[in-house]
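Hi,

Here is the structure I promised to pass on. Have a look at it first, and then read my notes below.

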There are 4 protein chains.
Amino acid sequence: MIKAGIIGATGYAGAELVRILMNHRETEIVWYGSHSHIDRKYAEVYGNMFRIVENVCRDDNLSELAQQADVIFTATPQGFLAGMLTEEILEKTKIVDLSADYRIKDVSVYEKWYGIEHKSPQFIGEAVYGLCEINREKITERTRLVANPGCYTTCSILTAYPLVREGLIDTDTLIIDAKSGTSGAGRGAKVQNLFCEVNENIKAYGVAGHRHTPEIEEQLGYAGNCNVTINFTPHLVPMNRGILVTEYAKLNKKADGTLPSYEEIKAVYDRYYDTEKFIRVLDKGICPETRWVEGSNYVDIGFVIDERTGRIIMMGALDNLVKGAAGQAVQNMNLLFGLKESEGLELVPCFP
Amino acid sequence: MIKAGIIGATGYAGAELVRILMNHRETEIVWYGSHSHIDRKYAEVYGNMFRIVENVCRDDNLSELAQQADVIFTATPQGFLAGMLTEEILEKTKIVDLSADYRIKDVSVYEKWYGIEHKSPQFIGEAVYGLCEINREKITERTRLVANPGCYTTCSILTAYPLVREGLIDTDTLIIDAKSGTSGAGRGAKVQNLFCEVNENIKAYGVAGHRHTPEIEEQLGYAGNCNVTINFTPHLVPMNRGILVTEYAKLNKKADGTLPSYEEIKAVYDRYYDTEKFIRVLDKGICPETRWVEGSNYVDIGFVIDERTGRIIMMGALDNLVKGAAGQAVQNMNLLFGLKESEGLELVPCFP
Amino acid sequence: MIKAGIIGATGYAGAELVRILMNHRETEIVWYGSHSHIDRKYAEVYGNMFRIVENVCRDDNLSELAQQADVIFTATPQGFLAGMLTEEILEKTKIVDLSADYRIKDVSVYEKWYGIEHKSPQFIGEAVYGLCEINREKITERTRLVANPGCYTTCSILTAYPLVREGLIDTDTLIIDAKSGTSGAGRGAKVQNLFCEVNENIKAYGVAGHRHTPEIEEQLGYAGNCNVTINFTPHLVPMNRGILVTEYAKLNKKADGTLPSYEEIKAVYDRYYDTEKFIRVLDKGICPETRWVEGSNYVDIGFVIDERTGRIIMMGALDNLVKGAAGQAVQNMNLLFGLKESEGLELVPCFP
Amino acid sequence: MIKAGIIGATGYAGAELVRILMNHRETEIVWYGSHSHIDRKYAEVYGNMFRIVENVCRDDNLSELAQQADVIFTATPQGFLAGMLTEEILEKTKIVDLSADYRIKDVSVYEKWYGIEHKSPQFIGEAVYGLCEINREKITERTRLVANPGCYTTCSILTAYPLVREGLIDTDTLIIDAKSGTSGAGRGAKVQNLFCEVNENIKAYGVAGHRHTPEIEEQLGYAGNCNVTINFTPHLVPMNRGILVTEYAKLNKKADGTLPSYEEIKAVYDRYYDTEKFIRVLDKGICPETRWVEGSNYVDIGFVIDERTGRIIMMGALDNLVKGAAGQAVQNMNLLFGLKESEGLELVPCFP
């Protein structure tokens, strides 16, 4: 059995890790780290785990945990892991980091968008960006550090990736309008996330400045082998889980001056994703909906070509706590240990 | 592999059966019956099942299905199964009926509360009331017909059962105030169940006349070996899943004229339920919440004694589509085939 | 114009006072007191008031405010007003207190249930319990201090009042099961009130110990001229506004041993409430729903007699922020100044 | 008093008309037309109107109603009014049509997008497009027929209008991503609008084909004096009321090759809207949220300039049933009869 530790086990992403690992046949959780609930029974903090998890919460001592765990999941605030990580730790254990600390290769971009100094840039080069469907071959039993992608990012990138990589869209025109459930805002006690403030409301936030922007740009830049600069606008939706992205871009015309057809675009998506267990390219005329992926590790993708404007509207949906966080982290762990990639992730979406 | 057929597979309870059986290692679904979607792909009706279920919907031909299936789940309107069931069918297959047709032993009570004639009362005696924790020993490989209990009923009965059976409460004073999510109202297109009608609202309905009343009374009557007549009031809550019951009753005084203590009552609950996998009696001071059982087969139970009034307030929570419908149906199926009772039901509650 | 000041103007009840008073033709707000937002524009805290309210928030200096205001609304935590109130203040201004400080006549009951010492019990006797429909004649231009009733309390009392007063029910059997929207929990930043914690959930809380219990008991005791001891159980519902109470009691039999009929009970309700503008006794067969009173000062009341158990089920619905708080406070203010009682309160319920 | 009739009074927009007109001092409703509820008390269909509206529902006889009413509101399906309207009717009464029948000047565009033949194109030229803030001077006591704009349309146009009219943005790059509450889908009994289908979900619909597209294009074309072709994508959000639009466009550079500054753009918005009672251009850094306009006739507008991409992100929020339907209809009526434009519309937004 793989011994797993979680730092930040009482946040929403941490709790989802616990839920998923409960049904993972090759893993046991040996450490429920929670800065704010030390020595309290985990099941008192998350009542769903009553009689399932008997452990008490531990602190966030990464060094001590590294001695006990084969893999550590850090579901912690930005800067936490960067401030704690050492070579000694990485010699003892693997780390899947759910924060942004090692996602962006250019440390100055990280420091600009996150507004904090990066305390351990020496590990950035080693860290693998853990978007499994794209970087699978880099996530191996020799990998020590995985930067697990953000929720908006995973959805945004996977939805556009094949078309960017194949040069089918003009990335200068790419606009991503994203909508997220409220669990993405975390479990901190903030007035703005109270029930009465979120319910019966929709709003944009972080307009032209959300931190997932450079992460999307960097990864799509690798895909297209070009600089990508986008508009990314997240919105808060009164629901617990789910992210939907609606992406707009000009389709590049073919040599004969016409637009590619639906079937041509569909064939490209299918070529990239047909064998991917967790990506479902929907049938013609079907748009993704967050309800159809809830509780699962799926990303659903659909698109419509608008002949009038020459644009394609690409849409993607995922569960922000699963494929957007904990599910993808477990998928990465499976790759890190040479397990079946879908182990513990055969979660059937739960509707209604 | 057990071959299972579902009649009514496109209702909410039927869809939950599909979700659960997808992860059941001993069963395959051979028939997705849906009167209103015949010949349509199941995954077009329930988009969550895209690339998971490839089957198309079939009709509701019980006789034909009985030839192919080892077990049939009927998630159908009241009266459907009673009008179709024959000895020939029961000789070929087992049936777990999620409707009320065979739940009530006194056919006149059924006909009065449901307002329809019972077309096959000859099978009522044979049918076992499938509340597994209470009737487990009657649900065996020899059983042919199981009447799967109602959602309100399961929650109401299990919450009070040990105290009724031990004579600790005065059943004449028993009042059950129940609250349910909206999936309990089914997937029919009715104005009263539109989003805008249910959202931002709570109401009572079926006051003093809800059909689950006689079912609760009959079963608690067996438990207490007495006639039980209760008030049962259901309410509609703006959420998808979950039932919470709040039950009030006078505690019977002990021989010395005092009320039983918290610890004495708790000991009774524990005696009945400590070994039950799917019933969690909560710790002192913790009240059940529907969010802690969502997506799982658990029933959570808690209680408070009010010395001022001499009453006990018992509370129970479950997921109406799982322990209140499909989960319990699978639990019954497991018993019918001598499988591990929890096979396919090791569902960790999903929060948030 | 009556000059009104609000202490606690940035809580939900305070904000609702602002909304209502904006359309009150005889009042202007001269003071938006907010301990936590001093010197900030009110419309920055409540964006709905942008370009409607230009004022900045002030502190909670009751003495200073008393010099400027004809009436002060205190929408403050328990104990605040009791600790600040002086004879000097009451000589200068009238006070409508939305907290519990002067609601309960027996100071020891207050101190027991609220767990704090009462700092100015000398004013308890003078304070009028501001349930307008019952105490209207005591709320006059000579009244200086009104204890505005609680939200659960208003709904609970008005629903049962005529039957208690007429001796039609056995108050020893009275059980009140109440359900509230989340605005009743206030705008404090608490994890338990985050969107993801409240959404898709229902729970009981304060079982056998909620502070509105003695307030209900005292007032119903006055009505029935007897000691009343009840069970009161509040529940939290995932919606912004609204309270629904479901009340159960044994009907007293008539001299001939029979139960009173529906028509007899209805006649009693009508006798008490037919001329009340803000109480609507619904037609036979209609149960109150919170959506039908949202945004208005109405209380809707309905009932069902259950011949089987001899009980009556009474139901009441109101908007906890209007008739349960700010609307009733304005109704009291209107009485205090001899205005038309419904001034500013002709709010048509808003649906959907 | 102006005598008003409503055809379609039991739909959501019709019900909102009733709510608003209850507080309109110059109007009385003389006809509650409802095809599906003829002879039923209006307050039985909308319980909020109990003891407020005593009328029973009437049929949809436009000719008869024209004899009794000074103004008729038609909140009816597309094609209804076009099939009924005659010169005789318009000689007797004014009509404010909430459907799309007379909004689009080019009848072939109407017939293409709506898929129905237009039965009375002779009135299209006469009809005034009732976006009051833009067409105010055309809506006079001589006007007989007003085409009340759509909900998405009102929000989309007003948000971009000043910049389009001043040539500040490149309309070829304009993309409108819109999000709506569910009341916009109407009160028809459809599975897709059931609570459990909408709750906990977000989806796009009508992608590249929604009927409000040509209406937006036509009106923005008039503003910019050019052909406008846009992408418009509506989304369904789990809330009752509210529309938020997020609009993206390239800013045209100034003569010196630089982008206009925030202050320059703000000055343009202010020039157009500062004197508009119902349009609130928000302060820098504030994004519109639907909760801040709920129940009111306001449109809130904000914007952010993204220097990185050279785009402006404009955002607008309104209540789809008020400024997006019934409120604007009343605003039009006020203009038609020379009343104060805001009569009956001084609705303070209701939060929470």
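Searching the whole structure turns up 108 salt bridges over all chains. Keep in mind that this is a predicted model. I picked out a few of these pairs to start with.

In chain A, the side chains of Arg280(A) and Asp300(A) form a salt bridge, at 2.7 Å from N to O. This one links distant parts of the chain: Arg280(A) sits in strand 11 (residues 279–281) and Asp300(A) in strand 12 (residues 299–306), 20 residues apart. Both Arg280(A) and Asp300(A) are buried.

Glu346(B) is in the segment after helix 12 (322–336) of chain B, while Lys277(B) is in the loop between helix 11 (262–273) and strand 11 (279–281), so the pair ties together parts that are 69 residues apart in sequence. Glu346(B) is partly exposed, at 35% relative accessible area, and Lys277(B) counts as partly exposed at 35%.

In chain D, Arg58(D) makes a salt bridge with Glu64(D), with 3.5 Å between the closest N and O atoms. Arg58(D) is partly exposed, with a relative accessible area of 30%, and Glu64(D) is partly exposed as well, with 32%. Back in chain A, salt bridges with shared partners join Glu16(A), Arg19(A), Arg241(A) and Asp319(A) into one network.

**Where chain D meets chain A**

Here 47 residues of chain D are in contact with 47 residues of chain A. Between them the two chains bury about 4000 Å², and carbon and sulfur atoms give 54% of that.

Six salt bridges are counted between chain D and chain A. One of the salt bridges in the model pairs Asp177(D) with Lys179(A), whose closest N and O atoms are 3.0 Å apart. The count of residue pairs in polar contact between chain D and chain A is 32.

Several elements of chain D each supply at least two residues to the side that touches chain A, among them helix 9 (195–198), helix 10, strand 10 (243–251) and strand 13 (311–318). Strand 7 of chain D gives the most to that side, with seven residues. By class, the side of chain D that touches chain A has 22 nonpolar, eleven polar and 14 charged residues.

**Where chain A meets chain C**

This contact takes 19 residues from chain A and 20 residues from chain C. Chain A and chain C bury about 1600 Å² between them, with 61% of it on carbon and sulfur atoms. Leu194(A), Phe195(A) and Cys196(A) supply 39% of what chain A buries against chain C, more than any other three residues.

The interface of chain A and chain C has two salt bridges. Arg187(A) and Glu197(C) form a salt bridge, the closest N and O atoms being 2.8 Å apart. Eight residue pairs are in polar contact between chain A and chain C. Helix 9 (residues 195–198) of chain A gives the most to the side of chain A that touches chain C, with four residues. That side of chain A has nine nonpolar, six polar and four charged residues.

**Helix 10 of chain D**

Helix 10 (residues 212–224) of chain D has 13 residues and reaches 18 Å from first C-alpha to last, close to the 18 Å expected at 1.5 Å a residue. Why call helix 10 of chain D largely enclosed by the rest of the structure? Because eleven of its 13 residues are buried. Those buried residues include His212(D), Pro214(D), Ile216(D), Leu220(D) and Ala223(D), and also Glu215(D), Glu217(D) and Glu218(D).

The buried residues of helix 10 pack against helix 6 (107–114), strand 5 (128–129), helix 8 (151–165), strand 7 (169–180) and strand 9 (231–236) of chain D. Just after helix 10 of chain D, Asn225(D) takes a positive phi of about 55°.

Asn334(D) lies in helix 12 (residues 322–336) of chain D. Is Asn334(D) buried or exposed? Asn334(D) is buried, with a relative accessible area of 0%. A polar atom of its side chain lies 3.4 Å from the backbone oxygen of Lys340(D). Leaving aside neighbours within four places in sequence, Asn334(D) is in contact with His24(D), Leu339(D), Lys340(D), Glu341(D), Ser342(D), Glu343(D) and Leu345(D).

Cheers

Terms used. Residues numbered from 1 in each chain as written. Chains lettered and ligands numbered in written order. Predicted model: local features only at pLDDT ≥ 70, side-chain atom pairs only at ≥ 80, totals over all residues. Heavy atoms only, no water. Expected span 1.5 Å × (residues − 1). Buried < 20%, exposed > 50% of the residue type's maximum accessible area, 1.4 Å probe, protein only. Contact = heavy atoms within 4.5 Å. Buried area = accessible area lost by both parts, 1.4 Å probe. Salt bridge = Lys/Arg side-chain N within 4 Å of Asp/Glu carboxyl O. Polar contact = N/O pair within 3.5 Å; in protein donor to acceptor, adjacent residues only side chain to side chain. Nonpolar A, V, L, I, M, F, W, Y, C, P; charged D, E, K, R; others polar.
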